[in-house]
Amino acid sequence: DRQTLVAVLQFLRRSNLRESEEILRREARLLGDDLGGSVTTVASSSPGVAAVAAVPPGKGGARAGAAGEPRLTRGVVSCCICASSFGPSHELLFNAHIFAVGGGVVEDQPDVSAVLSAYNQQGDPTLYEEYYSGLKHFIECSLDCHRAELSQLFYPLFVHMYLELVYNQHESEAKSFFERFHGDQECYYQDDLRVLSSLTKKEHMKGNETMLDFRTSKFVLRISRDSYQLLKRHLQEKQNNQIWNIVQEHLYIDIFDGMPRSKQQIDAMVGSLAGEAKREANKAKVFFGLLKEPEFDVPLDDEDEEGENEEGKPKKKKPKKDSVGSKSKKQDPNAPPQNRIPLPELKDSDKLDKVMNMKEAARRVRLGPECLPSICFYTFLNAYQGLTAVDITDDSSMIVGGFADSTVRVWSVTPRKLRSVKTAADLSLIDKESDDVLERIMDEKTASELKILYGHSGPVYGTSFSPDRNYLLSCSEDGTVRLWSLQTFTCLVGYKGHNYPVWDTQFSPYGYYFVSGGHDRVARLWATDHYQPLRIFAGHLADVTCTRFHPNSNYIATGSADRTIRLWDVLNGNCVRIFTGHKGPIHSLAFSPNGRFLATGATDGRVLLWDIGHGLMVGELKGHTDTIYALRFSRDGEILASGSMDNTVRLWDAVKAFEDLETDDFTTATGHINLPENSQDLLLGTYMTKSTPVVHLHFTRRNLLLAAGAYSSQ
């Protein structure tokens with residue numbers, strides 16, 4: 001889009017970023033000095049990311065770094081040119097991304113007057129109530145098949161008509177309009193309406209984020225062609241230009257051919273801050289398959305051979321081991337190319353750990369409706385510091401808690417105590433060739449069950465162990481993510497990129513990369529050896545509350561307080577999926593072990609299940625009565641465990657939930673999803689704690705379920 005490019009080039013020129021401007025101009029083949037007049041705003045109907053220029057690997061990487069630290073202000077727009085090498089000893093991956101979230105290209109503050117000017121075309125303020133009630137009467141009297149679809153108009157029209165009255169300073173009419181119709185809106189919009197009710201004067205609208213979100217991102221409604229024609233005919237007959245203008249100006253109507261959707265089908269999908277996702281948003285191809293595991297032999301231990309009964313003789317175990325190897329030799333057709341993103345190479349210790357993992361897997365319990373896991377609950381007692389985050393290592397040997405008093409506490413949950421490496425002077429005395437050198441470097445005098453890590457200056461909201469158990473990440477209200485060494489129990493790096501609290505962070509399943517998400521509405525991808533982010537994922541309209549890597553590490557899922565879940569491509573920073581359906585902020589995400597499905601939990605107490613390949617909701621699990629903070633699939637994916645603030649852990653039959661899915665082309669095209677009426681037949685068990693909200697769940701390598709939370713005395 002030439003207009004967008006010109007605006008960006010002007011921005012770069014005003015900021016004295018001549019080199020970046022030159023690179024962008026060359027790539028876009030915009031030569032000559034004429035920037036084509038003055039362009040102040042660039043309208044963009046989608047709330048997504050506009051990546052304006054992508055510079056091929058290696059072109060002008062070092063020079064473009066001059067653009068400095070990427071910033072995102074108030075979610076409207078920020079310009080960043082981000083150059084970073086994307087991995088140890090790999091070619092430079094350099095992408096220049098201009099993030100345009102929503103409307104105008106602006107310097108620091110969003111230009112509110114430009115955003116609000118659309119509210120200038122006003123009708124007679126005294127007739128607004130009549131217009132709205134007329135439309136309401138028409139919709140309520142229409143046929144049942146159209147009524148459910150057209151009812152989606154009530155909320156966005158109500159908000160825009162109210163804001164138009166306020167903007168044009170008809171305060172008493174606005175108040176009367178709000179009081180008369182706000183009770184008709186769906187219950188899941190109550191929080192938004194509470195914010196709206198506080199906007200009673202034109203001055204309040206300036207700088208109000210909710211207001212700007214609503215204006216800059218068109219509200220998306222998905223309506224069948226028949227229903228749309230009915231609405232259009234009605235508005236044109238009545239010459240109801242006021243409502244028709246709002247529909248044209250502020251709403252994006254995604255029209256599909258076919259039968260109108262039922263109330264139940266619509267209710268399942270709506271509820272987010274900006275309506276449903278456009279169908280186009282979920283069309284991109286996603287490589288959801290798993291990467292091929294490296295091949296190496298699994299030696300059999302003596303104890304494995306001897307300590308078995310007659311049925312488990314080594315002869316029977318060997319083919320089982322081979323099948324693990326042969327399964328990984330076939331390339332999954334849905335997997336990304338092995339070298340799509342650079343991943344760190346396996347160290348010897350990683351290979352050793354994989355061997356241990358395979359041995360444990362051979363003894364793994366096969367779970368199912370007839371064989372539920374045992375659950376071991378770790379309760380944090382006397383946690384007056386306020387437990388705010390928990391993580392458990394993959395081998396279940398350590399547990400970490402992040403606390404509101406800004407400390408990070410690491411416990412060993414095996415008899416083996418936590419020890420630090422000896423001092424440099426003592427290390428110089430050690431024989432480096434000895435077999436047990438790794439044991440000798442540890443200082444026995446430092447052995448203890450608990451280590452406390454000090455460094456953050458605010459509550460710690462997220463923690464994550466690296467897969468090799470050498471590092472620990474923590475993120476905090478202080479806006480930083482810290483990387484700690486579990487060899488020395490000291491802080492190695494503080495990553496500063498977010499300007500506001502960071503709500504979550506997580507290591508990639510392959511280590512090296514990690515993701516963070518926070519109050520500034522963006523998620524950032526980092527590498528441990530870079531102090532600036534490699535990618536910035538911008539598009540959410542509210543805080544990014546939770547983050548998760550896909551098992552193949554090529555994608556990242558983020559959940560947000562805007563009540564949507566987005567899936568981002570790590571390679572190019574694009575948003576490839578937008579899932580709507582939750583009625584409250586998202587607080588937990590879990591990918592199935594095979595990479596095909598995603599489970600999400602939110603403050604609405606529902607677990608929603610998504611088919612990533614088709615971009616569809618395929619299940620809804622109801623039962624919890626409070627926010628779901630923890631979700632985890634068992635190691636083979638047969639069972640999904642959910643943990644909630646209602647003090648329960650629930651187990652669900654994942655195999656049954658995902659079998660016989662309707663993912664034909666029609667369903668994908670129209671979103672006519674048919675969720676089972678009753679999710680109770682998928683519920684395998686509910687386990688109450690005495691008075692402990694569940695904040696973390698973890699399946700051990702043998703499928704024992706570990707849960708954790710802090711005892712609450714209320």
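**Repeat spans.** I looked up residues 453-488 in this predicted model.

**Strands E28 and E29.** I followed the chain to strand E28 (residues 606-611), which is joined to E29 by six bridges in an antiparallel arrangement. One of the paired positions is arginine 606, whose bridge partner in E29 is lysine 622. The hairpin of E28 and E29 has four residues between its strands, and I recorded a positive phi near 65° for glycine 615 there. Is strand E29 (residues 616-622) mostly covered or mostly uncovered? I found that six of its seven residues are buried, so I count E29 as mostly covered.

**Open sheet E7-E35-E34.** I traced an open sheet of three strands, with mixed pairing, in the order E7-E35-E34. Strand E7 (375-380) and strand E34 (696-699) are the edge strands; each has a single partner strand, so one side of each lacks a neighbour in the sheet. Direction ignored, neighbouring strands of this sheet are turned by 20° against each other on average. Between E34 and strand E35 (residues 705-710) I noted four bridges, with the two strands running antiparallel. Histidine 696 stands opposite alanine 708 of E35.

**Helix H5.** I checked the span of helix H5 (residues 128-141), which has 14 residues. From first C-alpha to last, H5 reaches 20 Å, close to the 20 Å expected at 1.5 Å a residue. Which residues of H5 are buried? I listed Tyr128, Glu129, Tyr132, Leu135, Lys136, Phe138 and Ile139. The cover over these buried residues includes helices H6 (144-150), H7 (154-167), H8 (171-181), H12 (225-237) and H13 (241-250).

**Nonpolar cores.** I looked up the largest nonpolar core and found 43 residues in it. Leu153, Phe158, Phe177 and Leu196 have the most contacts inside this core. H7 gives the most to the core, with 11 residues. Leaving aside residues up to four places away in sequence, I noted that leucine 196 touches Phe158, Val159, Tyr162, Leu163 and Phe178. A second, separate core has 21 residues, among them Ala268, Phe579, Ala602 and Met617. As background, nonpolar side chains in soluble globular proteins tend to be buried together.

Serine 396, not a glycine, has a positive phi of about 60°. Serine 396 sits in the loop between strand E8 (387-392) and strand E9 (398-403). Is serine 396 buried or exposed? Its relative accessibility is 13%, under the 20% limit, so I counted serine 396 as buried.

Arginine 563 belongs to the loop between strand E23 (555-560) and strand E24 (564-569). With a relative accessible area of 5%, arginine 563 is buried.

Notes. Residues are numbered from 1 along each chain as its sequence is written. This is a predicted model: local features need pLDDT of at least 70, side-chain atom pairs count only at pLDDT 80 or more; totals for chains, interfaces and linings use all residues. Side-chain values use heavy atoms; hydrogens and water are left out. Two strands pair if DSSP finds at least two bridges between them. Axes are lines fitted to C-alpha atoms, for helices over the stretch in contact, and angles run from 0 to 180 degrees between N-to-C directions. The expected span of a helix is 1.5 Å times one less than its number of residues. Buried means under 20% relative accessible area, exposed over 50%, partly exposed in between (1.4 Å probe, protein chains only). Contact means heavy atoms within 4.5 Å. A nonpolar core is a set of buried Ala, Val, Leu, Ile, Met, Phe, Trp, Tyr and Cys residues joined through side-chain atoms within 4.5 Å.
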